[in-house]
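Here are my notes on the model, as numbered points. Please read them with the structure open.

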Amino acid sequence: MAIPKIPEFKAEWKEGEEGRWGMAVDMDLCTGCQACVVACSMENNVPFVGEAEAGYGRSLGWIRVERLWEGQYPEVKMTPYQPVMCQQCGSAPCEPVCPVFATVHSQAEQLNVQVYNRCVGTRYCANNCPYVVRVFNWADFDRPDPLPNQFNPDVTVRRRGVMEKCTFCIQRIHRAEDQAKAEGREVLDGEAQPACAQACPADAIVFGRLDDPESRVSKLSRSNRGSHLLEELGTQPRVTYLKGGSNDRLG
Amino acid sequence: MTDSFTRRDFLKVMGAGAAATVLTGCGPASRYVTREPYTKMPEYTYNGQSTYYATTCRECAAGCGLILRTHQGRAIKAEGNKFHPLNQGKTCARGQATLHGMYNPDRVQFPAQHARGDATLTEMDWDAAIAVVQKALQDPQGTQFLLGTASDHLFDLVTDVCQAVGAPSPLRFGALSMFEARATLGEASRAVFGKPDLLFFDIANADLVISFGANFLETWLSPVAYTRGYAQMRRGDVRGHFVQLEPRLSETAAKADEWYPLLPGAEGLVVSALGKLFAEQKFGVAPAAFEMVDLAAAAEASGLTLEQFERLAALLLRAERPVILPGGAALAQAEGLETAKAILTLNALLDNLGKAGGVFHTPAAPLADSYHRPASAAEISALVKRMNAGEVNTLLVHGVNPLFELPAALGLEAALQKVKTVISFATFPDETALAADYIFPDHHGLESWGYQRVQTGAGQSALSGSQPVVVPYYNTRATADVLIAAAGDALPFKDEVEFLQSKVAALVEAPGGFYSAADLPSFWALFQQYGGWWQNDSSASAPSAAGALEKKLTFHAPEAAHAEGEHEEFSLYVYPSPILAEAGANKPWLQEIADPTTTVMWNSWLEMNPETAHHLGIEDDDVVRVISPAGEVEVSVYRYPAIRPDVVAIPFGQGHTAYGRYAENRGVNPALLFSAETNAAGDLAFGGVKVKIEKTGKKRPLSRLESKMGVYGFGEEH
């Protein structure tokens, strides 16, 4: 009896290969203002869950701005604000555990995508994500009329029992790609902007193509200030975090 | 069309057309917005194609330019206008959430009459509403307008109305301007620089920023523009150094390289001591302004050590382009005016006036005879006195919620009872609207025409324009149109648009504009298309501080809180919530945003040093009673690691008793704790309030992003 071929469900990813889309977050500039979080929620039809549910950790925001405390008063310092969203791993731990192929790697954008109408809500992916960036719709959260007027028609409205997470605003990437294709050219650097990067008043979030060595995000990703979150896990995250510097004369 | 012109080619052409119309304005022909059936789509609207409109954000008075993405007649996303000189394509969290104000289920949906305090509204028609306003204007002496800080076009119109009928000039107020102590800054600017104009601090080009409690990354003056300045400072050839002095580590202080927890009220002493140290080391002698201060006494009163003073003075000596910022909390003190003068004088001593990285006068805004600063607490008190004396028969309120934003100690609530008729133009049933006799709802800002003067964050002279991006959702009417109709022949305008055009006409010929046009209709179209008008080049001017260094400044040590015994006292530090600010509490997504420092959502909290809490036997989420001479509130404790042990802090923004389902009965309003005491410039001296803390034995868990522990049992009695 022939052994049935198990379909390939994990991206064919070669070590050292550049992903197409990537992000750089300059933590020296991030002021923790949360404009990215609101912008993301408005763009992606993310519901609010209310005080009690939020307290149980069921907020659905796709980005969170992390901060920790170091030391004790008066020598107390806050660690730099760090916006954490899906790191769009090249080798994503969430992908192989999904029993229904709802969390897959797209070949075209080389992004980690979530197929809402496949998701059956096992939450294995969230369990396996080391960055804790996947959020689950524990209920159909109430958005009374006329709030739904504001829904973005480019983004699916998710229902109860579905896992969701940052998509790098794939609808905006597609819009920019379609535009460029219609005009017979490549997508320009900065043309595709996720809502977070577009809103960021400090310009701390930079988005673009990592396979273009001249793009802003490529240059920042090569910076010696850069690092990746939990890169020792071998997840090959596509988001680079830049730490701050100091002033030689004054610092 | 040739045979070779395929459908694909057609789509390409359509695509190019869409790209060219990213900024779409209303042509002169589309001055009036009407409801149309879908078979007859509004101009520029195609099925499946988004239309973008330039307008102005009204979430605060800064006047950032927005581009609203609309789709089939619905507004779906607010984005920054990248041509706009103030925000250059960026927005803050409140700007992003502005749509939750427009598409909010709790807006006032029709003109209404109601018994004061009763939330049940009886619908009226607009003709009857206009008749009510008309009747008020027939008694001009007894009519008083109280307006918010946005929008400026309405302030200009109301000023015209008041002049035409002979009513007293309108007053403006906003809680953010109270927290920024605008009157104090203006008065200090007049005393030191000879002009009461607003100031611009060029932190983008500074290499050292020392800020006395200026929360410029949160709400101060123009947070989006100052955040951009901060980013430029950090990203310059030399990474700028940033020092913040304030009693608690704010979101802004979290970005500082050095934070010094200063006792509230000691700012003036510290500024003077720094000025003295700097001048003695640089020039060998201190100027008269700072020579009075005793360094040891300043150290004693402020809680800083002598080494820390030496460190700060050394920074000033080594810096090439230093600038000192006067935060609102430093000025809202009994000696706040002197503190403001000291900070401006120190800037003069550092020789940064009118230089890159220094202090500037912002240019006169277009269409303004002078800067109309929001009213100080003293000016509001004068109004309350007139109301109590029965001199105000009709109070008309627009764009401000004084019953929530003003300290209860000013006595406005009682004074309202003496006013025969109170008319509110609020879009939301807020506290003041419910205390009014009539609510004649204005459109939401995104459904409105208008303009806002950009006065706090750009070097260019700029006027930010508003246009309706969608058809008004409810049976609301532009307050400007209501007033124009009520004023009748007293005003020469038919409607709001005609009024705006008559104002904007002055700019058609103005030099140095971002665009120019031959006639008013073309100019008006460009004004809508780009979302305003501004000059290409900065016209910020250098202040002159002749003689300021010779004027003596004296400060006293702040009154210390009683630290010992049963009746332990704390200094109360109130700051505007960086997320909610003065009017964000009605927007559900803003409520759900975690506070940048504490990560608390949907509520208020009291920040207390963990050592103090331990000493008092208080744990996280314990409800305490905070008692000041003016009032008391009950609030959950958040043990905050970066606050002085003798200071407790509460954010301002929650504690509504009305204002829609997302704001009501949530958290506490710290303005209830303020006394009516003012400083020499008339601003509220809320920085000196002392409070006592009492345990209640209750626990009310706060929802926080940072931890999922501690909320189980939420809502249960303990």
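1. A:Ser41 is buried, because its relative accessibility is 3% and the cut-off for buried is under 20%. Bear in mind that this is a predicted model. The residue sits in helix H1 of chain A, which spans residues 35–43. What does A:Ser41 touch, leaving aside neighbours within four places in sequence? The contacts are A:Val46 in its own chain and B:Trp589 in chain B.

2. Turn to strand E25 of chain B, residues 647–652. Six of its six residues are buried. Both faces are covered. One side carries B:Val647, B:Ala649 and B:Pro651. The other carries B:Val648, B:Ile650 and B:Phe652. In a regular strand, side chains alternate between the two faces of the sheet.

3. E25(B) pairs with strand E20 of chain B, residues 569–576. Six bridges join them, and the two strands run parallel. One point to check on screen: B:Tyr573 has B:Ala649 as its bridge partner in E25(B). B:Ala649 is among the buried residues named above.

4. Chain B has an open sheet of four strands, in the order E11-E10-E9-E12. The pairing is parallel. Why is one side of E11 and of E12 left without a neighbour in the sheet? E11 (258–260) and E12 (322–326) stand at the edges, so each has a single partner strand. The twist averages 15° from one strand to the next.

5. Within that sheet, look at E9(B), residues 208–212, and E12(B). Five bridges join these parallel strands. B:Ile210 has B:Ile324 in E12(B) as its bridge partner. Helix H14 of chain B lies across E9 and E12, running at about 170° to E12(B).

6. H14(B), residues 336–349, also packs against helix H10(B), residues 267–283. H10(B) passes H14(B) in a left-handed crossing.

7. Which residues make this helix contact? H10(B) supplies B:Glu267, B:Gly268, B:Val271, B:Ser272, B:Gly275, B:Phe278, B:Ala279 and B:Phe283. H14(B) supplies B:Thr339, B:Ala342, B:Ile343, B:Leu346 and B:Leu349. By class, the contact residues of H10(B) and H14(B) divide into eight nonpolar, four polar and one charged.

8. Another open sheet of chain B has seven strands, ordered E5-E4-E16-E15-E14-E6-E7. Its pairing is mixed. E5 (122–123) and E7 (171–172) stand at the edges with a single partner strand each, so one side of each lacks a neighbour in the sheet.

9. Two helices pack on this sheet. H5(B), residues 152–165, touches E6 (143–147), E7 and E14 (394–398) of chain B. Its direction makes about 170° with that of E6(B). H15(B), residues 377–388, lies across E6, E7 and E14 of chain B, and runs at about 150° to E6(B).

10. Last, the E4–E16 pairing in chain B. How do E4 and E16 run, parallel or antiparallel? They run antiparallel: two bridges join E4(B), residues 112–113, to E16(B), residues 438–439. The bridge partner of B:Gln113 in E16(B) is B:Tyr438.

Technical notes: Residues are numbered from 1 along each chain as its sequence is written. Chains are lettered from A and ligands numbered from 1 in the order in which they are written. This is a predicted model: local features need pLDDT of at least 70, side-chain atom pairs count only at pLDDT 80 or more; totals for chains, interfaces and linings use all residues. Side-chain values use heavy atoms; hydrogens and water are left out. Two strands pair if DSSP finds at least two bridges between them. Contact means heavy atoms within 4.5 Å. Axes are lines fitted to C-alpha atoms, for helices over the stretch in contact, and angles run from 0 to 180 degrees between N-to-C directions. A crossing is left-handed if the near helix is turned anticlockwise from the far one by less than a right angle, and right-handed if clockwise. Ala, Val, Leu, Ile, Met, Phe, Trp, Tyr, Cys and Pro count as nonpolar, Asp, Glu, Lys and Arg as charged, and the others, Gly among them, as polar. Buried means under 20% relative accessible area, exposed over 50%, partly exposed in between (1.4 Å probe, protein chains only).
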